[in-house]
Amino acid sequence: PSRTAEVKLDDEAGRQHWFRISCRTLADEGGANGSRKPANSNIVGNQGAVAVLTDITHEKAIQKRNAEFVSSVSHEMKTPLASVRAYVELLADGDAEDEATREEFLGVIHSQTERLQRLIDNLLNLSRIEAGVVNVNKAPRALNELLEEAVNLLQPAAAHKRITLSTDLSPLYLGVLADRDTMSQAAINLISNALKYTPEGGRVAVRSRSADDSVVFEVQDTGVGLSPEDKLKVFEKFYRVKKDQQMASGTGLGLPLVKHIIEDVHGGRIEIDSEVGAGSTFRV
Ligand code: ADP
């Protein structure tokens, strides 16, 4: 008979490892002349057992992450859905007595469905890129051009919030082997975050330069900044800094997408310099 079990063991450094253990007793098979049995053995029946330990730490971590992911997605979807449902019921029950109230209810339904749409779009983007089904078309491109396009796209949003959005781009041609769509998306997400998490009247600067054998661009803001713990967590899916949630709507999927685009699609690196209250710099 065989048995399997999963156990958690700590190594000397205190790290946890998961193992799947399969145990099997070794049957005494005897044979025609009992040749498998040591001559002088008087043991009858089982001769011992073999245990095989397989390290499944990685598997366990993925399982846990998937479960957390599903639970976060469901949670994120429940809130807008509940509110759409509540307002539809109010309308259906005739609780909106006048045109103005009806319009207010419809406004809430509209904004909540938009929120759902945004969440689903972001999720699809992320999973398509993660699954590698997005057409990545890497070719030599001018980094400055890409950044300028992103800045121009977001200039109206900056003006709306009275934030000065400026560029300080290298006078040199910075050629990068990049996929246009995803790289633009990464730049847009970083600049739009800088605008979202910077109070009115602040400044956001987009810079580029060449450094040794690499090309660098950064987005610097005078916004709310990040604590050392939050700096480590903002690249996790759905992570949003609690105290800043009221500043802007969001899904917590923007930065995980950026990290994926920069590191996995383009083999680059992304890092954050930040101090609470003093602003942040996201450097690629
Ligand atoms: P969101 O949709 O919430 O903006 P992101 O993944 O883009 O999701 O960002 C995750 C969290 O990181 C944000 O909710 C915010 O708390 C924090 N964050 C991102 N960019 C900045 C920034 N430039 N300054 C301060 N905090 C930021």
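Biologist: Which residues of H4 do Leu146, Leu147, Glu149, Ala150, Val151, Leu153, Leu154, Ala157 and Ala158 in H3 meet?
Modeller: This is a predicted model. Contact here means heavy atoms within 4.5 Å. By that rule, the H4 partners are Arg180, Met183, Ser184, Ala187, Ile188, Ile191, Ser192 and Leu195.

Biologist: How many residues of the contact of H3 with H4 are nonpolar?
Modeller: Sort the contact residues by type. Two are polar and two are charged. The nonpolar ones number 13.

Biologist: At what angle do H3 and H4 pack?
Modeller: Two packed helices are described by the angle between their axes and the distance between the axes. H3 covers residues 143-160 and H4 covers residues 180-196. Their axes lie 9 Å apart, and the angle is about 35 degrees.

Biologist: What percentage of the ligand's exposed area does the protein bury?
Modeller: A ligand oxygen is 2.6 Å from an N or O atom in the side chain of Arg240. Taken alone, the ligand exposes 530 Å², and the protein buries 98% of that.

Notes: Residues are numbered from 1 along each chain as its sequence is written. This is a predicted model: local features need pLDDT of at least 70, side-chain atom pairs count only at pLDDT 80 or more; totals for chains, interfaces and linings use all residues. Side-chain values use heavy atoms; hydrogens and water are left out. Axes are lines fitted to C-alpha atoms, for helices over the stretch in contact, and angles run from 0 to 180 degrees between N-to-C directions. Helices (H or I, at least four residues) and strands (E, at least two) are DSSP runs, numbered from the N terminus. Ala, Val, Leu, Ile, Met, Phe, Trp, Tyr, Cys and Pro count as nonpolar, Asp, Glu, Lys and Arg as charged, and the others, Gly among them, as polar. A polar contact is a pair of N or O atoms within 3.5 Å; within protein, one must be able to donate a hydrogen and the other to accept it, and residues adjacent in sequence count only if both atoms are side-chain atoms. Accessible areas come from the Shrake-Rupley method with a 1.4 Å probe; for residues, only the protein chains shown count as cover.
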